[in-house]
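Me: I would like to go through the aromatic rings of this structure. Could you take me through them step by step?

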Amino acid sequence: MRLIGSVYSSRFQHPIGGSILKMTTLEQHPGRSSAHIPLEKIAPNIWEVPTSYNPGMKVPARIYADDDLIAKMKTDMTIQQCVNVAHLDGIYKYSITMPDGHEGYGFPIGGVAATDYNEGLISPGGVGYDINCGVRLIRTNLSEEEVRPVLPKLVDTIFNMIPSGLGSKGQIRVSTSELDKVVTDGVEWAVDKGYGWPDDPKTIEEGGCLESADPSKVSNNAKSRGAPQLGSLGSGNHFVEIEKADKIFDKPVADRFGITKPDQILILIHTGSRGYGHQICSDYLRVMEHAVRKYNINLPDRELAACPANSPEAEQYLPAMAAAANFAWVNRQMITHWARQAFEKIFAKPSDSMDMRIVYDVCHNIAKVEQHKVDGGLKKVFVHRKGATRAFPPGHPDIPAQYRDIGQPVLLPGSMGTSSWVLVGTPKSMELSFGTTAHGAGRFMSRSAAKRKWWGADLKKSLEARGIVIRAAAMEVVAEEAPDAYKDVDRVAEVSHQLGIGTKVVRMVPIGVAKG
Amino acid sequence: MTDAFVEAWGPTMERAFAQAGIALFETMLYTDQITPRNTEDITAEGHDEKELLYNFLETLLLKFEIDGKALGKFGVHVINQGKDSLNLTGTANGEPYDPEKHGRKIEVKGVTYHQMAIQRERDRVLLRFLLDL
């Protein structure tokens, strides 16, 4: 095993007992690739592995990517994992991987699978550890010119008000019984408690509450882990960014989203369900491990662990997953509240006078019950989206009333120092991807970038030289999240646009970053 | 997301597990800054060795996440085959987590089975596993 980069390697090395810890991306593990898998390019940006490749495949594996993105996917297990997902019982049309796809656990990140509502399998691995990890965009009526002079103070204030980093705990303490209420009521709970505006839920996916949530299906461990973390950002790739609109591609749609001019200041929040969701995922992976043996389910990878949709195990997992989804929405809601307060403090005026409305809030790790056209008929399915964003077309009833005639807003976060995108859902996404597009930049790190990544302080300097103010709880995280570590988000947005599964509306660039 | 890919080894399975515990905490903080003031009893079980490792590491992660314990020294006393499962008993030493003292690195979301391996070699036991960050 080759050491790529080792932060903490030497401390524990000893001839008879020791450990090596490598911070790495899955792509870097040697000897593993998908290069041997037969791929057909069936149209521009569309690739398929036919079912003839492996007798266990129920449907073809389909990847949406340009030539460069697919070349990167061949260097790791992404395509193999997409093939593995095609083995799931009850899967419809194809197992799909998005342009930002990369190797995950079981499912690839960027994986989409629709399974039959009655006969299909449900896989927590198709949702991920961070249930309802997602993104929220808040607009302002401020311009860059107004914000730039106070930017360092503004980022400091946001960083100080929103707990972040390892072991970060929320500013408020909820008891576990209050937490049950939080996850039952979703964002309405937060609004009732004063953490938001009455209109806020209207522009959040599902209105910020999955009704199916049931905290009695959630373990005490998950509740104990989650309760103190409500209203905190966490670490890793989670952040609050101050963006400016950089380029508007679709003016009529952007106007409707309230993004009307270049240099308009926006706020992007990326976080999820914290320890609550992580523990629910872990608890139910254990349940599914047993279910696989109990129901004699044949899977090519242990981490695809799944249960039949109509089993008692699914009846427990889905309401627990929904509880975690609601936790995440409340979490982003509380962070929204503090971000508004930070702006109020710095600009000495109320946040509503700065028009700080939620443009939209998407979840990109979730399983949803939806209706989709399959073989000419409508089917009720569970759409697993793991690192993939819903992108519903104009007219869809699940889109907020105010956007229903133009399509659902889609948010693609980039990474520090690179752009992020607002796209809009289209009819093509219903045809090609069960109403789904990419979720962000995805991860890709070259070996040289891996070496550079340890220099968090230098990276901070280079970002600040470009006018991006950054505050982070740990410099290791800054280094980990080096922009070079990510697939080019512009390329991902372009593939989505060309396929028509989510078309370009606005490109944003960060000017301030607060992260864990 | 990034991951922490860990290799831990020791002359016995028990010693290798103890090293795995250190690696878990080293991902999150600086274990050499921990004063071993308190001792905790640790138990875990699993239907096979991989599940035992998964459950052992998750038990330790919950000691950090729920009880706020920074643990830096582990003694795994026995791993034995019970009626239906493998059982582990051991201890962990540490003190309450203090970011000022122990530092802040990166949060661990969960333990995974991804590329998990448990190998008995000529003179050691080697564990490989990935932590989701």
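Me: How many aromatic pairs are there over all chains?
Reply: The model is a predicted one. A search of the whole structure gives 15 aromatic pairs over all chains.

Me: What sort of pair do A:Trp189 and A:Tyr195 form?
Reply: A:Trp189 and A:Tyr195 are stacked, with 6.4 Å centre to centre and 15 degrees between the planes.

Me: And are A:Trp189 and A:Tyr195 buried or exposed?
Reply: A:Trp189 is buried, and A:Tyr195 is buried too.

Me: Why is the pair of A:Phe249 and A:Trp421 called tilted?
Reply: The planes of A:Phe249 and A:Trp421 stand at 35 degrees, with the ring centres 5.2 Å apart, so the pair counts as tilted. Planes under 30 degrees apart would count as stacked, and those over 60 as edge-to-face.

Me: Where do A:Phe249 and A:Trp421 lie?
Reply: A:Phe249 is in the loop between strand E9 (239-248) and helix H8 (251-256) of chain A, while A:Trp421 is in strand E17 (residues 420-424) of chain A, so the pair ties together parts 172 residues apart in sequence.

Me: How accessible is A:Phe249, and what about A:Trp421?
Reply: A:Phe249 is partly exposed, at 33% relative accessibility. A:Trp421 has a relative accessible area of 2% and is buried.

Me: Switching to chain B, which residues form one aromatic cluster?
Reply: That cluster is formed by B:Phe25, B:Phe64, B:Phe74 and B:Tyr97.

Me: Last topic, charges: which residue lies over the face of A:Tyr94, and which sits over the ring of A:Tyr117?
Reply: A:Arg62 lies over the face of A:Tyr94, 4.0 Å from the ring centre. Over the ring of A:Tyr117 sits the charged end of A:Lys380, at 4.1 Å from the centre.

Notes
Residues numbered from 1 in each chain as written. Chains lettered and ligands numbered in written order. Predicted model: local features only at pLDDT ≥ 70, side-chain atom pairs only at ≥ 80, totals over all residues. Heavy atoms only, no water. Phe/Tyr/Trp six-rings, centres within 6.5 Å; stacked < 30°, edge-to-face > 60°. Buried < 20%, exposed > 50% of the residue type's maximum accessible area, 1.4 Å probe, protein only. Helix = DSSP H or I, 4+ residues; strand = E, 2+ residues; numbered from the N terminus. Lys NZ or Arg CZ within 6 Å of the ring centre and 35° of its normal.
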